[in-house]
Amino acid sequence: MEYDIEPDGLYFVYGARVMPDGSKDRHHVCTVDVLDVAAACADNARAAFDYCYVKQFGSGTVYFSRRGEVANMPRVPPTPKMPSSDVSAAP
């Protein structure tokens, strides 16, 4: 798969429904490696859920989208990749 931009990490998109008793029913929607794609997926999926959000692997929520609202959380820049701890990778 080719990208216009470099992949910047793993992003997990979840959709949630709020049940009448107040509990939440969460569903995994997709996993992608570009934040803009994950945000678009969350925006598209919010028609089926009360809200959707994107979590970055090793970090926290980086995007939130509630049904009937414009996305209310700015996209957080990706967390920089950790340098390799492999000694053979050292110059």
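A disulfide is a pair of cysteine sulfur atoms within 2.5 Å. Keep in mind that the model is predicted.

Q: How many disulfides does the count come to by this rule?
A: The rule asks for two cysteine sulfur atoms within 2.5 Å. For Cys 52, the nearest cysteine sulfur is that of Cys 41, 7.7 Å away, and Cys 52 is in no disulfide. The count of disulfides comes to zero.

Q: Does Cys 52 count as buried or exposed?
A: Buried means under 20% relative accessible area. Cys 52 has 0% relative accessibility, so this cysteine counts as buried.

Q: Which element gives the most to the largest nonpolar core?
A: This core has 15 residues, and Tyr 11, Val 13, Ala 38, Ala 42 and Val 54 touch the most other members. At least two residues come from each of β1, β2, α1, β3 and β4. With six residues, the top contributor is α1.

Q: Where on α1 do its buried residues lie?
A: Those residues are Leu 35, Ala 38, Ala 39, Cys 41, Ala 42 and Ala 45. In an α-helix, residues three or four places apart point the same way, because there are 3.6 residues a turn. Viewed down the axis of α1, the buried residues fall within an arc of 160°, so they line one face of the helix.

Q: Which strands do the buried residues of α1 pack against?
A: The buried set runs from Leu 35 to Ala 45 and includes Cys 41. Its packing partners are β1, β2, β3 and β4.

Methods:
Residues numbered from 1 in each chain as written. Predicted model: local features only at pLDDT ≥ 70, side-chain atom pairs only at ≥ 80, totals over all residues. Heavy atoms only, no water. Buried < 20%, exposed > 50% of the residue type's maximum accessible area, 1.4 Å probe, protein only. Core = buried A, V, L, I, M, F, W, Y, C linked by side-chain atoms within 4.5 Å. Helix = DSSP H or I, 4+ residues; strand = E, 2+ residues; numbered from the N terminus. Arc of directions from axis to C-beta. Contact = heavy atoms within 4.5 Å.
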